[in-house]
Structure formats: C-alpha cells, structure tokens
Amino acid sequence: MKKYIYPITFSLVLAAFTLFVVLDTFLISRPIENVQGQINNSMFSSRSSDTTLTDNTGSSKATDTGADTDTSQQSDTASTESGSADSSDTADSSSSGQSSSAAASSLLTENATLIGEYQNDQASIKLYSYTYENTAVYAADITLSSSEYLKTAFASDYYGKNVTDKTSSIAQQNNAILAINGDYYGARESGYVIRNGIVYRDSNDGRDLLCVYADGTMKIVSSSEKTAQALVDEGVWQAFSFGPALVQNGEIDVSVDAEVGKAMASNPRTAVGMIDTCHYVFVVSDGRTSESKGLSLYQLASFMQSIGVKTAYNLDGGGSSTLYFNGEIINYPTTSGRSMKERGVSDIVYIAK
C-alpha cells in the first residue's frame, strides 16, 4: 500500500491546487474598492462653457458644460487683429469638423437600416443595423458635446476581480440610454485600468491601450511607454486594455489572420471607435448562430474603416458582446449559439440619459 500513498497524495494535492487556481481566476469574487460616485472631472474644468453639439443632420445646439463663464468672456483688447484671425481659424476648424462628420455619417448610412435614435443636450445617437460578411452588425453613431459624457461603470459599483453583472443590469443601474460591454478588466491581473479619470490599476501588461482624452480624441498608446498616472496627467479620461487596435489614422491595423488568444476566427465582437473629435461609434456584431457567422478581427476592422472610423479598438467579445439601447438588448448575446444569454462582465462603456 505504501507505494500508492505518494502518487495518490500527489494527485490529490495537484487536483486541489488546480481547483483553487480555477476558482481564484474565474469564479471567486474579490471586490476591492467601492467606486460609486468616483469621477475625476478636473480635466474638464478648463473647457469653454459653450460647446456646440452638432447632430448628424448638421444642425447645432449650444449647451452649457458648467465651466466658468467669466473666463470665456475675457478678451484681449490690445490684440484685436490677432483675435479676429483666431476667430476665423476656429470657424474654419469647426466647419472642417462638421464636414468630416457629415461625410462619415454618409458612410454610416450606406446599406444600413436606422433602428433607433435619441438626443439630449449632451448627446446625439443614431443606431443602425447592417448585414456584413453574413453577420448582423449594429453601430451606434454618437456625437457628444464633450467626451465627459462617454462614461464607464463597474459591475455592482465595485472595482475588483471577478466582480461581474450583465451589461444590461449595469446600464440600468447607471441610467444609461446606450451601453456596450467593456474590456473585462476583472479577468486579468494586469493591464492599466483608467476609468472616469481615475487610475484603478497601474500594472503594465505590455498591451496597446485605447485612450479617450478630455479633448474628445481617441488614440492608441503603448502601455510600456507611460505610466497610468502620466496618462491621466496628460488628460486621459478612459483607457481600455484588451485589443488589438483595429484602425489607426484611417488604416486597418491588424493582419488578415490576427486573433485574440485562442479564440475562434469568427466571433461576436465589440469595438469602439472615433470618427472625429467627440464623434464616436460603438459597434457590436452577432456570431456563433445559424443566422450570423460572426466576424474575424480583420473583418471587424474592415467594417470600422468602411463607416469612416479613423481610430478603432477591439473590446471583449464572444459571449460578452452586448449592445443595450433604450431599455432593450439589441443584439443576440450568446456563448454556445443555442440560446440568447448575457454573460456577466466587469464593466461597461455607456452614454447616460
């Protein structure tokens, strides 16, 4: 019997250790910090009080972002000529931006069906459906008066590992009109987590990040080049660590055979992109069903490029991919393909009502 004791003991210890690793990695919830109400708005304090929100029809609406109006009313009377030139430059820039957004909106509507729209003082949203590569694809065309209104939220208002909830539930808890799943930061031990201007995790995993800046731009940034706090100091409002980057400077940035880890080539997908300053798109595709095959990363990048996106980034996909709009789940979330079921996720990206 003694010759069996060691292998049996070793097998039991190995099984126990494996079970612990699996539970600790995928199942055991470890809330670390309650984040309810934690938002760093300081990076928006210097913005002008009057911001023009242009919807997709080209009409404009003046909105108040709450900044100090006295500052915006100051003028340098000694530099009238220079001021006139600056005003002209600003008008030209605004006209160019509107023209760019109008061109992109034209691309967005090609072969698309408008299935929903919403507008308030901060956001204009139009939701379109497409059939692309034998797959149902949904794109939300979003124009904001400030990137401050592109927000994120954690499941149960807690930052931590394996703290999860459905995208629709997190959206409802945060009064969202539109939401998609985020980068599922809680399934990993590393990778920058910057949300609503606050650093929650500063361990570097070497991935390229998608950074949303307070000035309304999006950029792909290597996490190995800067610390998380340095990014916030530069005005990074949100940062996502999943990837890869799909489009940069309007050009496809992934190879034909690129894939995330060991994922299947055709999957449900979630991506976020920028057409112009404060003009964004949320994109979610179905997949793994008889009606929708799903997209490869290259196909997703091609779709993003086709609708005029200059910068695009892949978020968590597969069973996590969920698009929520106006109280409803728009796509068909599934892991197996046999039934519609939302997967619990760590976080969402959303626009509030």
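Reply: Rings of Phe, Tyr and Trp count as a pair if their centres lie within 6.5 Å. The model before us is predicted, and by this rule it holds eight aromatic pairs.

Me: What describes a pair of aromatic rings?

Reply: A pair is described by the distance of the centres and the angle of the planes. Take Phe 154 and Tyr 159: their centres are 5.8 Å apart and their planes stand at 50°, which makes the pair tilted.

Me: Are Phe 154 and Tyr 159 buried or exposed?

Reply: Buried means under 20% relative accessible area. Phe 154 has 4% relative accessibility and therefore counts as buried. Tyr 159 is buried as well, at 8%.

Me: Why is the pair of Tyr 159 and Tyr 185 stacked?

Reply: Planes under 30 degrees apart count as stacked. The planes of Tyr 159 and Tyr 185 are at 15°, with the ring centres 5.2 Å apart, so this pair is stacked. The pair links distant parts of the chain, 26 residues apart: Tyr 159 belongs to strand β8 (residues 158–161), whereas Tyr 185 lies in the loop between β9 (176–181) and β10 (193–195). Tyr 185, like Tyr 159, is buried.

Me: Which residues do ring pairs link into a cluster?

Reply: The cluster is made of Phe 154, Tyr 159, Tyr 185 and Tyr 200.

Me: Which residues lie over the face of a ring?

Reply: Arg 207 lies over the face of Phe 242, 5.9 Å from the ring centre. Lys 219 lies over the face of Tyr 213, at 5.1 Å from the ring centre.

How values were computed: Residues are numbered from 1 along each chain as its sequence is written. This is a predicted model: local features need pLDDT of at least 70, side-chain atom pairs count only at pLDDT 80 or more; totals for chains, interfaces and linings use all residues. Side-chain values use heavy atoms; hydrogens and water are left out. Rings of Phe, Tyr and Trp (its six-membered ring) pair if their centres lie within 6.5 Å; planes under 30 degrees apart count as stacked, over 60 as edge-to-face and the rest as tilted. Buried means under 20% relative accessible area, exposed over 50%, partly exposed in between (1.4 Å probe, protein chains only). Helices (H or I, at least four residues) and strands (E, at least two) are DSSP runs, numbered from the N terminus. A charge sits over a ring if NZ of Lys or CZ of Arg is within 6 Å of the ring centre and within 35 degrees of the ring normal.
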